[in-house]
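Hi,

Here is the structure I said I'd pass on. Have a look at it first, and my notes on the side chains follow below.

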Amino acid sequence: MAADFKDIQPINKGMSSDKKYFVTAKNGEHFLLRLAEYGEFDRKKAEYELIRKLSQLNIPMPAAIDFGVCNKNANVYTLLSWIDGEEAEITIPKLSKEKQYELGKESGRILRKIHSLNSPQNISDWETRYFSTMDERLAAFRSEGIKFAGNEIILDYIDTNRHLLQNRPQCYHHGDYHMGNLILSKSGQLFVIDWHTVDFENYGDPWYEFNRIGIEYPTFASGQIDGYFDNNVPEEFWKLLAFYLSASAITSIVWSKYFAPERLTSILELNQNVLKWFNNMTNTKPTWYTPIK
């Protein structure tokens, strides 16, 4: 495989355990090469097949080029087309509010298209799957988390609104849908990158995927919501958005404490912001939601 490339440059970005490379073929074409341990073969093959299936839905994303094993069967490789552009989180601040909102709407429409791929038929219900993981994380916060002013307000909101997850539909998730994984091409088109399994095997409530929404740029975030719902946001969405954002924020504290202590201050600040956005969880439409009409 390497014989087909004339240049291979490592990419040291992202939190995936994969080793990533920007490669240039002998004919001048550019690709993204991902390497994983051979023990990841089944998971990586499933990811590659999903990328092929999703690309048939006309989702703007890297094309699946090749998949296989290399380095004397020590590694699994995935070869994807390269998207030439800039991450949305870098580009967005440079744009007008109107352009931010329009790109946000486009990202919402793309996400809705991703969610058109159904989950497997034999999958357990979302409420069971979600709480089998989140109850452990909530218990961990109660026993060893760093307490903060208002943490009981968030915990109470989560406890009293568990019923919101009953009978929720399930679909395929991108898994890490945020501005760092959106590329704005030189022609001005948004592309979605970094398709790999994250949590809940990348299947679940479609609205759960908004738990990584980029509220540091509220106009873009507002556009994403409006684009997803075609400017007709159901009231039930706001309740679940408050649920998912608050649950994600408070359970991130213990994770950060042990695995990313350098992020602990910002995650504690995030929890305080959640309380502000939702007025101590009494108003489920967040204060940062500012649609442009």
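Tyr130 and Phe200 are both buried. Keep in mind that this is a predicted model. The rings of Tyr130 and Phe200 make a stacked aromatic pair, with 5.8 Å centre to centre and 20° between the planes. Tyr130 belongs to helix H4 (residues 126-144), while Phe200 is in the loop between strand S9 (190-192) and strand S10 (203-204), so this pair ties together parts that are 70 residues apart in sequence.

In total you'll find 28 aromatic pairs in the structure. Tyr130 and Phe200 also turn up in one aromatic cluster, together with Trp126, Phe131, Tyr208, Phe243 and Tyr244.

Two rings have a charge sitting over them. The charged end of Lys147 is over the ring of Phe141, 5.0 Å from its centre. Arg168 lies over the face of Trp207, and there the distance to the ring centre is 4.0 Å.

Now the nonpolar side. The largest nonpolar core has 71 residues, and Tyr130 is among those with the most contacts inside it, along with Leu165, Trp195, Ile225, Phe237, Ile250 and Trp288. Which helix gives this core its largest share? That would be helix H7 (residues 235-259), with 13 residues. There is also a second, separate core of 10 residues, including Phe5, Tyr21, Val23 and Ala25.

Leaving out residues up to four places away in sequence, Trp195 touches Glu47, Ile51, Leu54, Ile59, Met61, Pro62, Ile114, Tyr172 and His174.

On to the charges. Side chains of opposite charge can pair when their charged atoms come close. The count here is 16 salt bridges. One of them joins Asp194 and Arg34, at 3.0 Å from N to O. Asp194 is in the loop between S9 and S10 and Arg34 is in strand S3 (residues 30-37), so the pair links parts that are 160 residues apart in sequence. Buried or exposed, what are Asp194 and Arg34? Both are buried.

Another salt bridge, between Glu49 and Arg52, has its closest N and O atoms 3.8 Å apart. Glu49 and Arg52 are 3 residues apart in helix H1 (residues 41-55), so about one helical turn separates them. Glu49 counts as partly exposed because its relative accessibility is 36%, and Arg52 is partly exposed too, at 43%.

Then there is Arg142 with Asp159, a salt bridge at 3.0 Å, N to O. Arg142 lies in helix H4 and Asp159 in helix H5 (residues 151-160), so that bridge ties together parts that are 17 residues apart in sequence. Arg142 has a relative accessible area of 41%, which means partly exposed, and Asp159 is partly exposed at 39%.

Cheers

Methods: Residues are numbered from 1 along each chain as its sequence is written. This is a predicted model: local features need pLDDT of at least 70, side-chain atom pairs count only at pLDDT 80 or more; totals for chains, interfaces and linings use all residues. Side-chain values use heavy atoms; hydrogens and water are left out. A nonpolar core is a set of buried Ala, Val, Leu, Ile, Met, Phe, Trp, Tyr and Cys residues joined through side-chain atoms within 4.5 Å. Buried means under 20% relative accessible area, exposed over 50%, partly exposed in between (1.4 Å probe, protein chains only). Helices (H or I, at least four residues) and strands (E, at least two) are DSSP runs, numbered from the N terminus. Contact means heavy atoms within 4.5 Å. Rings of Phe, Tyr and Trp (its six-membered ring) pair if their centres lie within 6.5 Å; planes under 30 degrees apart count as stacked, over 60 as edge-to-face and the rest as tilted. A charge sits over a ring if NZ of Lys or CZ of Arg is within 6 Å of the ring centre and within 35 degrees of the ring normal. A salt bridge is a side-chain nitrogen of Lys or Arg within 4 Å of a carboxyl oxygen of Asp or Glu.
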